[in-house]
Amino acid sequence: MSTASASASPPVPSSVPPSSLRERKKRRTRQLLVDTSLELFTERGFGNVTLDELCDSVEVSKRTFFRYFTSKEDVAMAPTQDLWLTFIDVLETADLGPADRPVLLLIQDTLLTALDRTTTDDWSHRVLLSRNLAELTPSMDAHGLHFCDRTTRAALATLHRRLDIPDPADLRPRLAVDMVVAAFHCALATWASATGTATGTANAAAPRTAPSPNSLSAHTRHAFTALAAAPTFPVTPRQDTSPRP
C-alpha cells in the first residue's frame, strides 16, 4: 500500500464545524507520519532513516512531529500501541458486565472489543510491518517494554477505580492483566508467522501475503482458550532422559 493511498480521504463537507476539520487534519497528519515511517524503515532499515528525512518526506517540521510522537520508535510502534490505547479506553468506558465476573474474562473481552474497534486491513498491514521492524531493532523492543509497563499500570489503575477490589495489594488483577498480554503476544506471533515476510528481496521485512484482521482476532481467541486450559494441562515425564548427543 502506497503512502498516497493510505492518506487519501473523501472531501470534507462545508457544513462540518472548523474544530472537526482541525481534528481530521490532525488525524491525517498523524496517519501519514505512521505510514511513511513504516514505508521508509522497511525499505531502508530503521537506523538508516533520520528523523529529519522522515519529516521532510511528510513535509512537516520536527516540532509538528513531536506533537504526535516522542521518537522514531514511538511512530514505528504506533499501530500496536493504538490497539492498547483503545483497550484502555474500552476499560474506562464500557459496561463491565455482571457482578462476580472473573477479572480474567473481563480483561479478555475488553481486548477483543478493542480489536474489533481497531482492526482493518490497513491497520493489520501496519501492525505486521511494525512487528517485523521491532524484531530487527533493539531500541524498538525496549520502547515496547516501557509502553507495556505504562499500559499495564493504567489498566490496573482503571480496574481498581471501577471495581470493588478490597485489597489494593491483591496480586490477582495484575496477574490477570499480565496473562492476557502474554496470550496476545503469543497470538500476534502465530498470526505474523502464518502471514510471513518477504525473503530474498531488498524489502525483506515486508509482508509476503496480505494480513487478515479477522484471523488476528481468531488467533487471539485461540490463545485465550489455551490460557484457560493451561493451569490443568497434564504432562508426563519422558522415560528417556539421557542427554542428547
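Student: How many disulfides does a search of the whole structure find?

Tutor: The model is a predicted one. A disulfide requires two cysteine sulfur atoms within 2.5 Å, and the search of the whole structure finds zero disulfides. As for individual cysteines, Cys-55 counts as buried because its relative accessibility is 2%, under the 20% limit. Cys-148, at a relative accessible area of 25%, is partly exposed.

Student: What is the secondary structure of the protein chain?

Tutor: The chain has 11 helices and zero strands. Of its 245 residues, 40% count as buried. Among contacts between residues at least 6 apart in sequence, 72% join residues at least 24 apart.

Student: How many aromatic pairs are there in the whole structure, and how does one read the geometry of a pair?

Tutor: The search finds six aromatic pairs. One reads the angle between the ring planes: under 30 degrees is stacked, over 60 is edge-to-face, and the rest are tilted. Phe-65 and Phe-69 have ring centres 5.8 Å apart and planes at 45°, so this pair is tilted. Both partners are buried: Phe-65 has a relative accessible area of 0%, and Phe-69 has a relative accessibility of 3%. By contrast, the pair of Trp-84 and Phe-87 is edge-to-face, with 5.2 Å from centre to centre and 75° between the planes.

Student: Which residues form an aromatic cluster?

Tutor: One cluster is formed by Phe-65, Phe-66, Tyr-68 and Phe-69. A ring may also have a charged group over its face, as with Phe-46: Lys-72 lies over that face, at 4.4 Å from the ring centre.

Student: How does one compare the span of H6 with the span expected of a helix?

Tutor: One takes the distance from the first C-alpha to the last. H6, with 16 residues, reaches 22 Å, close to the 22 Å expected at 1.5 Å a residue. Helix H10 has 24 residues and reaches 34 Å, close to the 34 Å expected.

Student: Which residues touch the most other members of the largest nonpolar core?

Tutor: The largest has 33 residues, and Phe-87, Leu-111 and Phe-184 touch the most other members. Two or more residues come from each of H6, H7 (103-118), H8 (121-136), H9 (138-162), H10 (172-195) and H11 (213-229). H10 gives the largest share, 10 residues. Apart from this core lies another, of 23 residues, among them Leu-40, Phe-41, Leu-51 and Met-140.

Student: What does Phe-184 touch, leaving out residues up to four places away in sequence?

Tutor: Phe-184 touches Leu-83, Trp-84, Leu-111, Leu-115, Leu-216 and Thr-220. Phe-184 is itself one of the buried residues of H10, which also include Val-180, Leu-188 and Trp-191.

Technical notes. Residues are numbered from 1 along each chain as its sequence is written. This is a predicted model: local features need pLDDT of at least 70, side-chain atom pairs count only at pLDDT 80 or more; totals for chains, interfaces and linings use all residues. Side-chain values use heavy atoms; hydrogens and water are left out. Rings of Phe, Tyr and Trp (its six-membered ring) pair if their centres lie within 6.5 Å; planes under 30 degrees apart count as stacked, over 60 as edge-to-face and the rest as tilted. Buried means under 20% relative accessible area, exposed over 50%, partly exposed in between (1.4 Å probe, protein chains only). A charge sits over a ring if NZ of Lys or CZ of Arg is within 6 Å of the ring centre and within 35 degrees of the ring normal. Helices (H or I, at least four residues) and strands (E, at least two) are DSSP runs, numbered from the N terminus. The expected span of a helix is 1.5 Å times one less than its number of residues. A nonpolar core is a set of buried Ala, Val, Leu, Ile, Met, Phe, Trp, Tyr and Cys residues joined through side-chain atoms within 4.5 Å. Contact means heavy atoms within 4.5 Å.
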